[in-house]
Amino acid sequence: MSPRFLLTLFIALCPASPVYAGVDVERALKACHSTCLAHGPDFDRTVEAARGRGWTPVSGDTLATLAPVANVEAAKAWTTAADDTMPRGSVVGVTRARLDGKAVQTCTVAMTDVDHELFLKSFFTRTDAEKIDEERNAVQISRFYILIAGGREQFVNLKFPASPTAEGSIVASSIADDGLEVEHYDLRNCNPDQTGDRFR
């Protein structure tokens, strides 16, 4: 998925406004952790949580646009309600997909108006994430990590504006499966921007 398309998508879904400005970084990280990292990606759990919290489904082709991998077999996405669990206007997406022929699940949280520099610092403080790769262009930086959370080894992708002072969305995705050993997928050598069998 191209960086320009990603930015266009979130401008459309979550237009900037004073209501969203200045999202608390700790709250944003807590929302990301509780939704995607604490237990690892869990399609069914997230669907139930979305129903219980009154999140609004995103329909049509946008369902698969948040997926950090190609070969999506099932996808659900929502814009979140104003509650204590998620910054208002966030977008959450989960998928069932295949990576190198093996079944995986993914979970993604996208938030607007978050100070991404502070988010990254807090992310490192609260996790044991090991950076394994980075891709960048004039618009966006995409970083890749391995971490263990919820008793599962997870591959995490963080996407954020290339400029430290730029406004925009931060997109955090986790890829995992029960018993998944990330290095078996040769993630270190893949191109995260390709749209083939691996990453978007």
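Modeller: There's an open sheet of eight strands in the order β1-β2-β3-β4-β8-β7-β6-β5, with antiparallel pairing. Strands here are DSSP runs of E, at least two residues, and helices are runs of H or I, at least four residues, numbered from the N terminus. Two strands pair if DSSP finds at least two bridges between them.

Colleague: Which strands stand at the edges?
Modeller: β1 (56-57) and β5 (130-136). Each has a single partner strand, so one side of each is left without a neighbour in the sheet.

Colleague: How many bridges join β1 to β2?
Modeller: Two, and β2 covers residues 72-79, with the strands running antiparallel. Pro57 has Trp78 in β2 as its bridge partner.

Colleague: And which strands does helix α2 touch?
Modeller: α2 (residues 25-37) packs on the sheet against β3 (91-99), β4 (102-112), β6 (140-149), β7 (152-161) and β8 (169-176). Its direction makes about 160° with that of β4. Contact means heavy atoms within 4.5 Å. Angles run from 0 to 180 degrees between N-to-C directions, using lines fitted to C-alpha atoms, for helices over the stretch in contact.

Colleague: Where does α3 lie?
Modeller: Helix α3, residues 43-53, lies across β2, β3 and β4, and runs at about 25° to β2.

Colleague: Before we go on, what are we looking at here, and how is it numbered?
Modeller: It's a predicted model, where local features need pLDDT of at least 70 and side-chain atom pairs count only at pLDDT 80 or more, while totals for chains, interfaces and linings use all residues. Residues are numbered from 1 along each chain as its sequence is written, and side-chain values use heavy atoms, with hydrogens and water left out.

Colleague: OK, how many helices and strands in the chain?
Modeller: Four helices and eight strands. Along the sequence the pattern reads α-α-α-β-β-β-β-α-β-β-β-β.

Colleague: On to the inside. Which residues have the most contacts in the largest nonpolar core?
Modeller: Met111, Phe119, Phe123 and Leu158, in a core of 32 residues. Such a core is a set of buried Ala, Val, Leu, Ile, Met, Phe, Trp, Tyr and Cys residues joined through side-chain atoms within 4.5 Å. Buried is under 20% relative accessible area, exposed is over 50%, and partly exposed is in between, with a 1.4 Å probe and protein chains only.

Colleague: Which elements give two or more residues to this core?
Modeller: α2, α3, β3, β4, α4 (116-126), β6, β7 and β8. The largest share, seven residues, comes from α2.

Colleague: What does Phe123 touch?
Modeller: Leaving aside neighbours within four places in sequence, Phe123 is in contact with Leu29, Leu37, Ala129, Tyr145, Leu147, Val156 and Leu158. There's also a second, separate core of nine residues, including Val69, Ala97, Leu99 and Phe155.

Colleague: How many aromatic pairs does the search find?
Modeller: Five in the whole structure. Rings of Phe, Tyr and Trp (its six-membered ring) pair if their centres lie within 6.5 Å; planes under 30 degrees apart are stacked, over 60 edge-to-face, and the rest tilted. Take Phe124 and Tyr145: their ring centres are 5.5 Å apart and the planes are at 70°, so the pair is edge-to-face. The pair links distant parts of the chain, with Phe124 in helix α4 and Tyr145 in strand β6, 21 residues apart. Ring pairs also link Phe123, Phe124 and Tyr145 into a cluster.

Colleague: Is Tyr145 buried or exposed?
Modeller: Buried, with a relative accessible area of 0%. Phe124 is partly exposed at 37%.

Colleague: What about Ser122, buried or exposed?
Modeller: Ser122, in helix α4, is buried at 7% relative accessibility. Not counting residues up to four places away in sequence, Ser122 touches Val25, Glu26 and Leu29.

Colleague: Now the backbone. Which phi does Asn71 have?
Modeller: A positive one, about 55°, although Asn71 is not a glycine. Asn71 is in the loop between β1 and β2 and is partly exposed, at 36% relative accessible area. Asp100 has a positive phi of about 55° too, and is not a glycine. Asp100 is in the loop between β3 and β4, and is partly exposed at 35%.
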